[in-house]
Amino acid sequence: MKLKKITASVTAVILLLLNSPTTVITTHADEPMRDISTMELVKDMGIGINLGNTFESCPNWYEEDWIAKWSDGKPNNYETAWGSPVITKDIIEGFAKEGFGTLRIPVAWSNMMAHDGTYTINPEYDARIHEVVDWTIDSGMYAIINIHWDGGWVNNFPQEKEESMKRYTRMWEQIAESFKDYDDYLMFESQNEELGWESIWNPWGGTEGKAESYALCNEINQKFVDIIRSSGGNNPKRHLLISGYNTGIDRTCDQLFKMPNDPANRMAISVHYYSPAGFAILEEDADWGKAIPTWGSSEDYASLRYEMDMMKTNFTDKGIPVIIGEYGCPTKNKEPESVRRFLSSVCEEAYKRGHCPVMWSTPGGHYDRDTCKMADSELQKKLYEIGGKEFNPRTETDITLKGDVNADGEFNAADIVILSKWIMGVPDTKLQNWKAADLISDEKINIFDLCLMKQQLVKN
């Protein structure tokens with residue numbers, strides 16, 4: 001259960017005495033970071049799933065914001081624009097109950113952003129992401145948030161580098177500040193698939209511009225690490241996920257790709273797996289390829305194992321853990337057993353090499369957001385057997401003594417002083433054991449709990 005906190009001035013405290021409290025601010029802040037390596041953390045993440053086509057739904061950066069135009073322009077209008085229902089706690093808990101240990105939450109932070117050149121993230125949108133991250137962590141899962149496609153503005157880096165870097169920097173500075181006190185169940189990912197530019201280097205047309213494009217990718221990833229490490233709270237020790245070159249396995253394993261310098265040495269690498277494209281991407285024939293309805297030939301398995309071995313050799317074996325941030329395939333025009341075989345095989349081959357596989361899932365896809373269960377129970381069983389986890393919501397420290405908010409084993413006047421300061425919003429005041437302050441047992445902490453604590457101390 002999350003900490004529910006009221007911070008207020010003295011005037012607000014008086015008003016609370018006159019009016020029953022109905023509004024609280026929820027937070028997952030002030031949790032400690034564990035002394036574990038990123039390799040250990042990735043191993044603990046189990047298998048994962050994406051909350052796809054939800055908080056990254058957005059208009060193209062160069063288009064009119066049609067979502068705001070045809071709605072009231074609130075966070076829920078954006079999260080439902082690409083077909084998702086409004087995300088609920090039940091939907092998030094459903095992922096955990098189906099055995100997933102990690103939820104990747106792609107985010108388009110430019111949604112609802114003012115067009116004034118400051119790139120200020122909208123507080124309502126930020127609060128909505130906080131709510132979903134809190135549900136994720138409360139359910140026992142790890143959460144990954146990133147700057148996703150976000151309308152495609154990252155594609156402008158080659159032509160507008162200074163302004164694009166300003167935007168990237170401003171956005172990550174704000175995200176880092178907003179989530180700085182979350183513990184290591186929250187991971188930041190530098191970007192999605194956009195770090196790599198065909199306008200600089202055409203991978204199918206030789207090597208001209210290749211070094212330049214890789215250098216820009218490496219520079220952006222280094223900027224990401226520098227921003228997070230220089231921010232406050234738990235961020236100097238936060239585990240970070242670095243986006244590979246276009247998140248392609250072969251391109252990320254190229255010697256031109258460099259992991260950033262990180263003083264904390266807490267980084268993992270992210271790549272995606274959608275191969276072969278005819279099966280994993282195309283639902284029907286396109287001008288660049290033919291759709292494939294089945295998967296599972298000896299060549300298919302050999303290709304899968306070869307690419308997973310590439311990541312193991314180039315990263316895992318060198319102490320850099322791997323997260324397959326996306327893998328998946330459509331179900332339309334695909335043989336159901338091939339879909340099952342592909343998804344479970346990618347998951348298994350990644351997991352047994354120490355990678356964390358995170359399946360791509362969108363509304364109407366592999367996870368049913370109406371029933372809060374996997375659409376294919378047989379697939380769910382296969383995935384669970386590979387690396388699934390039992391549903392195990394996170395719980396805070398057990399209370400051994402009511403009123404002992406500083407967790408020193410005693411209830412005395414010092415606890416009263418700390419709670420008084422905390423309610424009044426005195427900076428840097430923390431409750432080491434917040435549940436001990438909830439004397440009313442309503443999962444809220446306010447002036448009424450303080451009054452009961454004072455009465456209890458007098459009785460003692």
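Me: At 31% relative accessibility, what does Thr-118 count as?
Reply: Buried means under 20% relative accessible area, exposed over 50%, and partly exposed in between (1.4 Å probe, protein chains only). The value for Thr-118 is 31%, so this residue counts as partly exposed.

Me: What kind of model is this?
Reply: Residues are numbered from 1 along each chain as its sequence is written, and side-chain values use heavy atoms, with hydrogens and water left out. Local features need pLDDT of at least 70, side-chain atom pairs count only at pLDDT 80 or more, and totals for chains, interfaces and linings use all residues; the model is predicted.

Me: With which side chain does the side chain of Thr-118 make a polar contact?
Reply: Thr-118 sits in the loop between E4 and H6. A polar contact is a pair of N or O atoms within 3.5 Å; within protein, one must be able to donate a hydrogen and the other to accept it, and residues adjacent in sequence count only if both atoms are side-chain atoms. At 2.7 Å, the partner is Asp-116.

Me: Which strands make up the closed barrel?
Reply: Strands (E, at least two residues) and helices (H or I, at least four) are DSSP runs, numbered from the N terminus. Two strands pair if DSSP finds at least two bridges between them. The barrel has 8 strands with parallel pairing, in the order E3-E4-E5-E6-E7-E8-E9-E10.

Me: Which residue in E6 stands opposite Ile-144?
Reply: Strand E5 covers residues 142-146 and strand E6 residues 186-189. They pair in the parallel sense over 4 bridges. Opposite Ile-144 stands Met-187.

Me: In E8, what is the bridge partner of Leu-241?
Reply: E7 runs parallel to E6, joined by 2 bridges, and Glu-189 stands opposite Leu-241. E7 also pairs with strand E8 (residues 267-273) in the parallel sense, over 4 bridges. There, the partner of Leu-241 is Ala-268.

Me: Which residues point the other way from Leu-240 and Ile-242 in E7?
Reply: In a regular strand, side chains alternate between the two faces of the sheet. In E7, Leu-240 and Ile-242 point one way. The other way point Leu-241 and Ser-243.

Me: What does the side chain of Ser-243 reach at 2.7 Å?
Reply: Ser-243 has 0% relative accessibility, so it counts as buried. Contact means heavy atoms within 4.5 Å. Beyond its neighbours within four places in sequence, Ser-243 is in contact with residues including Leu-195, Phe-257 and Ile-269. At 2.7 Å, its side chain reaches the backbone oxygen of Asn-192.

Me: How do the rings of Trp-61 and Tyr-62 pair?
Reply: Rings of Phe, Tyr and Trp (its six-membered ring) pair if their centres lie within 6.5 Å; planes under 30 degrees apart count as stacked, over 60 as edge-to-face and the rest as tilted. Trp-61 is partly exposed at 41%, while Tyr-62 is exposed at 56%. Their ring centres are 5.5 Å apart and their planes at 90 degrees, so the pair is edge-to-face.
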